[in-house]
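Reader: I have a chain open on my screen and would like to read it piece by piece. Can we go through it in short questions and answers?

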Amino acid sequence: MPLELIADRPGHAVLSSYQEPPLAPDEIRVQSLFSSVKHGTELRGFRADTPDASDRWDGELRLHRRGESASSGFPRRLGNMCLGAVVEVGAEVTALREGDRVFAHLPIRETHTVSAARVQKAPDGISPQAIMYWDPADFAVGAVRDGAVRLGDRVAVFGLGAIGLMVAQAARLCGARWVVVVDPIERRRAAALRHAADLALDPVAIDAGLEIKQHTDKIGADIAFETSGSYRAFEDAMRATCYAGTLVSTAYYHGEQGLRLAGEWHRNRIQVISSRANSEPLPQASWNFARIRAESLALLVEGRLQADDLIDPIVPFTAAADAYMEINQHPERSIKLGIDHELA
């Protein structure tokens with residue numbers, strides 16, 4: 001029987017067998033070639049340590065119902081994106097045929113049986129690694145649009161997971177004159193310096209806010225992006241932002257660390273924007289999430305957003321469970337986990 005990566009309980013990943021369903025007329029069967037995970041969103045569900053797990057989300061009121069337990073959600077499939085090859089098509093499917101490369105938001109498993117309408121044909125010439133960055137690129141494009149990065153701006157990016165790395169590149173595409181990135185993980189800082197960043201800072205070793213002010217004629221960044229979900233990073237971003245500047249956050253914050261809205265917040269009149277590209281309606285009426293998705297994919301296909309060396313580590317499918325546990329326990333050892341199903 002084929003295998004899939006699941007969390008059988010909070011914080012624990014295993015490969016588990018599943019039964020292949022019959023193929024419906026409008027469906028296709030896909031053999032996985034390359035898969036990846038979404039570290040931030042996915043790992044908080046894996047750990048079950050946020051209000052999503054403890055306080056039920058009320059979609060109508062758009063708030064968490066405190067004290068009302070959400071369903072456990074376990075066992076749960078793991079993984080966020082998959083590129084695969086079509087190996088079988090249903091009788092009603094005409095747009096795809098066996099051998100076509102397709103991709104979609106799908107979990108990490110050996111095969112997928114899904115509606116043909118759920119997948120997209122992979123453009124010619126695009127690497128599996130670039131396709132895996134489609135999701136973080138969506139939220140990076142949404143963030144730079146929400147932050148309205150303009151020609152000549154000085155931009156600071158706090159947090160260099162997949163979204164942060166894409167934000168740094170997207171800000172440069174928007175015309176940013178100077179891009180500084182901040183992250184405690186050296187391999188992520190090095191990746192950002194290969195792609196768009198002028199300066200990379202370790203917030204554990206230095207005062208990032210002070211350093212950024214000193215590099216900008218004592219003014220600060222025109223726009224700061226916080227993509228890590230760290231309260232400390234949010235505070236550092238406030239300290240790094242200029243008077244009446246903008247701080248854009250794409251992150252989900254949790255835990256009991258608290259946020260100190262001290263002097264920088266009060267005195268400098270910083271505008272804070274919560275950015276989530278798929279929360280509609282979007283601020284600009286002519287844009288929706290579908291348009292953002294199309295734009296971010298086009299930027300990856302054209303090579304204007306580069307991700308070929310930003311899947312790290314890459315492991316075979318047989319090692320997926322151990323690798324997933326590793327990125328959860330040791331985030332400093334990864335950027336974005338990739339699963340190459342063709343590796344032995």
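**A buried leucine and its surroundings**

Author: Start with Leu160, which counts as buried at 0% relative accessibility. Keep in mind that this is a predicted model.

Reader: Which residues does Leu160 touch, and where in the chain is Leu160 found?

Author: Leu160 is found in the loop between strand E11 (154-158) and H5. Leaving out residues up to four places away in sequence, its contacts are Leu165, Val181, Val182, Asp183, Arg188, Arg189 and Ala192.

Reader: What distance separates the C-alpha atoms of Leu160 and Ala192?

Author: Leu160 and Ala192 are in contact. Along the chain they are 32 residues apart. Their C-alpha atoms are separated by 7.5 Å.

Reader: Which elements do the buried residues of H1 pack against?

Author: Helix H1 spans residues 39-47, and His39, Glu42, Leu43, Arg44, Gly45 and Phe46 are buried there. Their packing partners include helices H2 (51-54), H6 (186-194) and H11 (320-329). The strands they pack against are E1 (3-9), E2 (12-17) and E6 (76-77).

Reader: In the open sheet of E2, E1 and E6, which strands stand at the edges?

Author: The order is E2-E1-E6, with antiparallel pairing. One side of each edge strand is left without a neighbour in the sheet, because each has a single partner strand. Those edge strands are E2 and E6.

Reader: What is the bridge partner of Ile6 in E6?

Author: E1 and E6 pair in the antiparallel sense over two bridges. In E6, the partner of Ile6 is Arg77.

Reader: Which residues are linked with Arg77 in a network of salt bridges?

Author: The whole structure has 21 salt bridges. In this network, Arg77 is linked with Glu4 and Arg109.

Reader: How far apart in sequence are the parts that Arg29 and Glu88 tie together?

Author: The two side chains meet in a salt bridge, at 3.3 Å from N to O. Arg29 is buried, with a relative accessible area of 11%, while Glu88 is partly exposed at 32%. Arg29 lies in strand E3 (residues 27-36) and Glu88 in strand E7 (residues 81-89), so the pair ties together parts whose separation in sequence is 59 residues.

Reader: Is Asp309 buried or partly exposed, and what is its relative accessibility?

Author: Asp309 meets Arg194 in a salt bridge, at 2.8 Å from N to O. Asp309 lies in the loop between helix H10 (289-301) and strand E17 (314-316), and Arg194 in helix H6, so the pair ties together parts 115 residues apart in sequence. Arg194 is partly exposed, with a relative accessible area of 47%. Asp309 counts as partly exposed too, with a relative accessibility of 33%.

Reader: What is the area of the nonpolar surface patch that includes Leu261?

Author: Leu261 lies in the loop between strand E15 (241-249) and helix H9 (263-268). Leu261 is partly exposed at 45% relative accessible area. With Leu259, Trp265 and Val272, Leu261 makes a nonpolar patch of about 310 Å².

Notes
Residues numbered from 1 in each chain as written. Predicted model: local features only at pLDDT ≥ 70, side-chain atom pairs only at ≥ 80, totals over all residues. Heavy atoms only, no water. Patch = residues over 30% accessible without salt bridge, like charges linked within 9 Å, V, L, I, M, F, W, Y side chains within 5 Å. Areas by Shrake-Rupley, 256 points an atom, 1.4 Å probe, with all protein chains shown as cover. Salt bridge = Lys/Arg side-chain N within 4 Å of Asp/Glu carboxyl O. Helix = DSSP H or I, 4+ residues; strand = E, 2+ residues; numbered from the N terminus. Buried < 20%, exposed > 50% of the residue type's maximum accessible area, 1.4 Å probe, protein only. Contact = heavy atoms within 4.5 Å. Pairing = 2+ DSSP bridges.
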